[in-house]
Amino acid sequence: MDKDFVRRNRLLWLIMAASFLTPFTGSALSLSLPDIGRQYGQGAESLSWVLGSFLLSAFVFLLPMGRLAERWGKARLFTLGAGIFAFTSFTCILADSLTFLIGVRVVQGMGSAMNFATNNALLALAYPKEKRGSAMGWMIAMVYVGLSLGPVVGGTLNHYLGWQSIFVFIGFIALGVFLASPLVLKDVPGG
C-alpha cells in the first residue's frame, strides 16, 4: 500500500475526529441543560450561556488562531487545541458552580477554534489538488454526524449516567486526537 495514501488517511481520520467534537458537544449538551439547571439551581437564561459561551468563544478566537497558526505552525496549534479541548472537557466534570462551568466552556471554545482554524489548511497541505475536495467533504460529513448523533448519544448518556458523562465521552475523543496528533502531523509538509 502507498505510504502517502496511508499517511493522508491517518490525517483525514484525525481531522474528522476533531471536526466531530464541536457539533456533537453542542447538540448533546442542549438536552442536558435541564439537569445542569437543577444541579446548580439556575434558570434558562443562565443555562443558555453553557452553550453560548462556547460558541461565542470559538467564533471570537477563530481568526486570531488562524493568524497564530501561520506564525507558530498549523500542526502545533491543532495539537494544542485538541489538548485544551480534552483538558477542559474533563475539567467541566468538576465544576462546582455554573459560573465555573461557563468559564471553562469559554476556554474550551478557544481550543475548538484552534482546531477549526487549522484543519482545512492541514488537509490542503497533505492532499493533492484533485483529492482535496473529497477529503474536505469527509471532514464536513463528520460535522453533520456530530450534529446528528449528539441528541441520541448525549441524551442516552445524560439519562443513564448524568450530564457529566457527555464531557467524559468528548474528553476521551479529544484526548485521543491530542495523543495521535504528534504522530500523524509530523509528516504534513508545511504543517
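Me: Is serine 89 buried or exposed, and what is its relative accessible area?

Reply: Buried means under 20% relative accessible area. In this predicted model, serine 89 has a relative accessible area of 0%, so the residue counts as buried.

Me: Which residues does serine 89 touch, beyond those up to four places away in sequence?

Reply: Contact means heavy atoms within 4.5 Å. On that basis serine 89 touches Gln108, Phe167, Ile170 and Gly171.

Me: Where does serine 89 lie, and how many residues of that helix are buried?

Reply: Serine 89 lies in helix α4. That helix is mostly covered, with 15 of its 20 residues buried.

Me: How do I read the direction of side chains along a helix?

Reply: An α-helix has 3.6 residues a turn, so residues three or four places apart point the same way.

Me: Where is tryptophan 163 found, and is tryptophan 163 buried or exposed?

Reply: Tryptophan 163 sits in the loop between α6 (129-161) and α7 (164-185). Its relative accessibility is 3%, so tryptophan 163 counts as buried.

Me: Which residues are in contact with tryptophan 163, leaving aside neighbours within four places in sequence?

Reply: The list is Ser32, Asp35, Ile36, Gln39, Tyr40, Cys92, Leu101 and Asn158. As for valine 107, 56 residues from tryptophan 163 along the chain, the two C-alpha atoms are separated by 19 Å.

Me: How many helices and strands does the protein chain have?

Reply: The protein chain has seven helices and zero strands. From the N terminus the order is α-α-α-α-α-α-α.

Me: What does the radius of gyration say about the protein chain?

Reply: A compact globule of 191 residues would have a radius of gyration near 16 Å; the protein chain has 17 Å, which agrees. Along the principal axes, the C-alpha atoms fill a box of roughly 55 × 30 × 25 Å.

Me: What share of the residues is buried, and what share of contacts joins residues at least 24 apart?

Reply: Buried residues make up 46% of the 191. Among contacts between residues at least 6 apart in sequence, 83% join residues at least 24 apart.

Methods: Residues are numbered from 1 along each chain as its sequence is written. This is a predicted model: local features need pLDDT of at least 70, side-chain atom pairs count only at pLDDT 80 or more; totals for chains, interfaces and linings use all residues. Side-chain values use heavy atoms; hydrogens and water are left out. Helices (H or I, at least four residues) and strands (E, at least two) are DSSP runs, numbered from the N terminus. The radius of gyration is taken over C-alpha atoms; the globule rule is 2.2 Å times the number of residues to the power 0.38. Buried means under 20% relative accessible area, exposed over 50%, partly exposed in between (1.4 Å probe, protein chains only).
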